Amino acid sequence: MSFWKNKNVFVTGCTGLLGSYLVKELVDQGANVTGLIRDAVPKSNLYQGEYVQKINIVQGALEDLPVIERALGEYEIDTVFHLAAQAIVGVANRNPISTFEANILGTWNILEACRKHPLIKRVIVASSDKAYGDQENLPYDENMPLQGNHPYDVSKSCADLISHTYFHTYGLPVCITRCGNLYGGGDLNFNRIIPQTIQLVLNGEAPEIRSDGTFVRDYFYIEDAVQAYLLLAEKMEENNLAGEAFNFSNEIQLTVLELVEKILKAMNSNLKPNVLNQGSNEIKHQYLSAEKARKLLNWTPAYTIDEGLEKTIKWYTEFFKK
């Protein structure tokens, strides 16, 4: 019997890339899912198929504490996955205030509502590898300080630290996840390198690289991320993990140029990338150690980067045909 059978689960960001996949998996495993949705996103992966008809939807924003408190109470929530965020680095650089409001204020609203709600047993907060900021020694591990410098990175450092505060001060059963760059079919932010590259190649246009192409990143396939989040939530109580942060990564580092060339090869394309060299306010190299997750959770990713890209390319090829 599934751990999630009849659990009452609240998911913020359920129209996003991770949220849509997580909601579908929770529904398949028998959970009663309630999603917080601010904007209607009709092309979201959540609306592909009939899953959206199988969940409760609460209309509202992270900045609206009474809406969150009402949702937790009326739907008798015991598990919260807080995934919603303003997640685009360029948008954060242009609009820091809205990013801080969604990512910092939004996180403390979720945590405060959970603190007041007596049925809460587990809260998972999505932080990011960006929360570590620029570090001299890589890969990042969970004991490194959180020291973002730019608006998006700082918003994640702050949300991460606030989550720790709610554990240490109030005993809230919260865990924090820090993942590399998530990718997979259903990401509608076409200024991100993977969906943008696939879209351009499908249109017969040369892919564009904003930076000089040498920036190193983790790329983490979405179905692996879903299983990591569920496993962490399932093990929180039995392994006494509240208050802990976990990195999740396939621990394969690629430059942006290497990634784009992998996509071109997988799509049998002879196009050459156009390197714009315009990247600013971004960390040059960042990648994660997932040793803690391997040891404490017995977690390993199921997909290689090539397998993940193959599934992703297939999704977008069908998406654009429609």
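Leaving out neighbours up to four places away in sequence, Lys 235 is in contact with Asn 240, Leu 241 and Leu 297, where contact stands for heavy atoms within 4.5 Å. The model is predicted, so that local features need a pLDDT of at least 70 and side-chain atom pairs count only at pLDDT 80 or more, while totals for chains, interfaces and linings use all residues. Residues are numbered from 1 along each chain as its sequence is written, and side-chain values use heavy atoms, with hydrogens and water left out.

Lys 235 belongs to helix 7; helices (H or I, at least four residues) and strands (E, at least two) are DSSP runs numbered from the N terminus. With a relative accessible area of 22%, Lys 235 is partly exposed. On this scale, buried means under 20% relative accessible area, exposed means over 50%, and partly exposed lies in between (1.4 Å probe, protein chains only). Between Lys 235 and Leu 297, one of its contacts, the sequence separation is 62 residues and the C-alpha to C-alpha distance is 7.3 Å.

Confidence was examined through pLDDT, the predictor's confidence in each residue on a scale from 0 to 100. The protein has a mean pLDDT of 96, and 99% of its residues reach 70 or more. Among the elements, helix 3 (residues 89–94) has the lowest confidence, with a mean of 92, and strand 1 (residues 8–12) has the highest, at 99.

A nonpolar core is a set of buried Ala, Val, Leu, Ile, Met, Phe, Trp, Tyr and Cys residues joined through side-chain atoms within 4.5 Å. The largest such core holds 63 residues, and Leu 26, Phe 81 and Phe 248 have the most contacts inside it. Helix 7 supplies the largest share of this core, nine residues. Apart from residues up to four places away in sequence, Leu 26 touches Trp 4, Val 9, Val 11, Ala 31, Val 33, Phe 81 and Leu 230. A second, separate core has 23 residues, including Leu 72, Val 80, Ile 110 and Val 125. In soluble globular proteins, nonpolar side chains tend to be buried together.

Ala 131 lies in the loop between strand 5 (122–126) and helix 5 (151–170) and counts as buried because its relative accessibility is 0%. Beyond four places in sequence, Ala 131 touches Leu 146, Gln 147, Gly 148, Asp 153, Lys 156, Ser 157 and Asp 160. The loop between strand 5 and helix 5 also holds Pro 139, and the peptide bond from Leu 138 to Pro 139 is cis, with omega near 0 degrees.

Within helix 5, Ser 155 is buried at a relative accessible area of 0%. Its contacts, again without residues up to four places away, are Thr 99, Phe 100, Asn 103 and Ile 104. Cys 158, also found in helix 5, is partly exposed at 28%. Phi is near 65 degrees at Asn 6, in the segment before strand 1. Asn 277 has a phi of about 55 degrees and lies in the loop between strand 12 (274–275) and helix 9 (291–297). Asn 277 is exposed, with a relative accessible area of 56%. Most residues other than glycine have a negative phi, and most peptide bonds are trans.
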